Amino acid sequence: TKGGHHALIGAASTGKSTFVQTLLYSLIHRYTPEYLNIYVLDFSGRMTAPFEGAAHVGGILYENDIGRVGKLFYLMQELIEQRKKLFRGGSYSQYVMVHGVVCPTVVLFIDNIANFREKTGEAYDEVLIRLAREGVNYGIYLFITAAGFGINEIQSQLGDHLRTTLS
């Protein structure tokens with residue numbers, strides 16, 4: 001959470017999906033579902049499929065699940081609204097300091113954002129930008145993989161809010 005939103009940048013076949021798989025495994029074994037909830041948009045090689053049954057994972061959507069993507073983004077927006085009311089002007093970290101972990105940190109993984117944006121006709125770009133802009137304050141974090149920054153990958157409006165970039 002200290003690093004905010006993250007982007008993992010690399011050319012095709014450089015191990016981005018393997019890194020996501022390793023990170024998911026690590027997070028699931030380090031934290032309980034009371035501390036961490038995970039959602040995944042896997043538009044790469046379906047390497048996150050082994051985590052579908054994990055208690056931490058609220059859902060994994062693939063390229064053929066386009067009809068369900070809207071429900072996931074609706075959920076993310078509802079989480080922001082609920083937490084705005086709950087935190088009463090404060091941030092997630094402030095709330096946790098006072099009350100402890102009452103609501104878990106949420107991480108939304110998007111493996112291969114270029115393919116995700118192409119398959120969804122860029123319909124969720126505005127919601128992603130909102131999540132990037134407001135999410136950290138409410139304990140909702142993005143982890144995005146891409147080949148780089150640019151109009152077909154991570155556009156500047158989204159990239160401006162990604163605090164940590166790995167390559």
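Biologist: How are two packed helices described, and at what angle do helix α2 and helix α5 pack?

Modeller: Two packed helices are described by the angle between their axes and the distance between the axes. In this predicted model, helix α2 (residues 66–87) and helix α5 (residues 125–134) pack at an angle of about 30°, and their axes are 11 Å apart. Angles under 35 degrees count as roughly parallel, so α2 is roughly parallel to α5. The crossing in which α2 passes α5 is left-handed.

Biologist: Which residues of α2 meet α5?

Modeller: From α2, the residues are F73, M76, Q77, I80, E81 and K84; they meet V127, L128, R130, L131 and E134 in α5. Sorted by class, the contact of α2 with α5 has 6 nonpolar, 1 polar and 4 charged residues.

Biologist: How many bridges join β1 to β6?

Modeller: Strand β1 and strand β6 (residues 164–166) run parallel and are joined by 3 bridges. L8 has L166 in β6 as its bridge partner.

Biologist: With which strands does β5 pair?

Modeller: On the β1 side, 4 bridges join strand β1 (residues 6–9) to strand β5 (residues 140–146), and the two run parallel. In that pairing, A7 has I144 as its bridge partner, and H6 stands opposite F143. Strand β4 (residues 105–111) also pairs with β5 in the parallel sense, over 5 bridges. There, I140 in β5 is the bridge partner of V106.

Biologist: Are the residues of β5 buried or exposed?

Modeller: Strand β5 is mostly covered, with 7 of its 7 residues buried. I140, L142, I144 and A146 point one way from the strand, whereas Y141, F143 and T145 point the other way; all are buried.

Biologist: What is to be noted about the phi of S13 and of N112?

Modeller: Most residues other than glycine have a negative phi. S13 is not a glycine, yet its phi is positive, at about 65°. N112 likewise has a positive phi, near 80°, and is a residue other than glycine.

Biologist: Where are S13 and N112 found, and is each exposed, partly exposed or buried?

Modeller: S13 is found in the loop between β1 and α1 (16–30). With a relative accessible area of 80%, S13 is exposed. N112 is found in the loop between β4 and α4 (113–119). Its relative accessibility is 25%, so N112 counts as partly exposed.

Technical notes
Residues are numbered from 1 along each chain as its sequence is written. This is a predicted model: local features need pLDDT of at least 70, side-chain atom pairs count only at pLDDT 80 or more; totals for chains, interfaces and linings use all residues. Side-chain values use heavy atoms; hydrogens and water are left out. Two strands pair if DSSP finds at least two bridges between them. Axes are lines fitted to C-alpha atoms, for helices over the stretch in contact, and angles run from 0 to 180 degrees between N-to-C directions. Angles under 35 degrees count as roughly parallel, over 145 as roughly antiparallel, 65 to 115 as roughly perpendicular and the rest as oblique. A crossing is left-handed if the near helix is turned anticlockwise from the far one by less than a right angle, and right-handed if clockwise. Contact means heavy atoms within 4.5 Å. Ala, Val, Leu, Ile, Met, Phe, Trp, Tyr, Cys and Pro count as nonpolar, Asp, Glu, Lys and Arg as charged, and the others, Gly among them, as polar. Buried means under 20% relative accessible area, exposed over 50%, partly exposed in between (1.4 Å probe, protein chains only).
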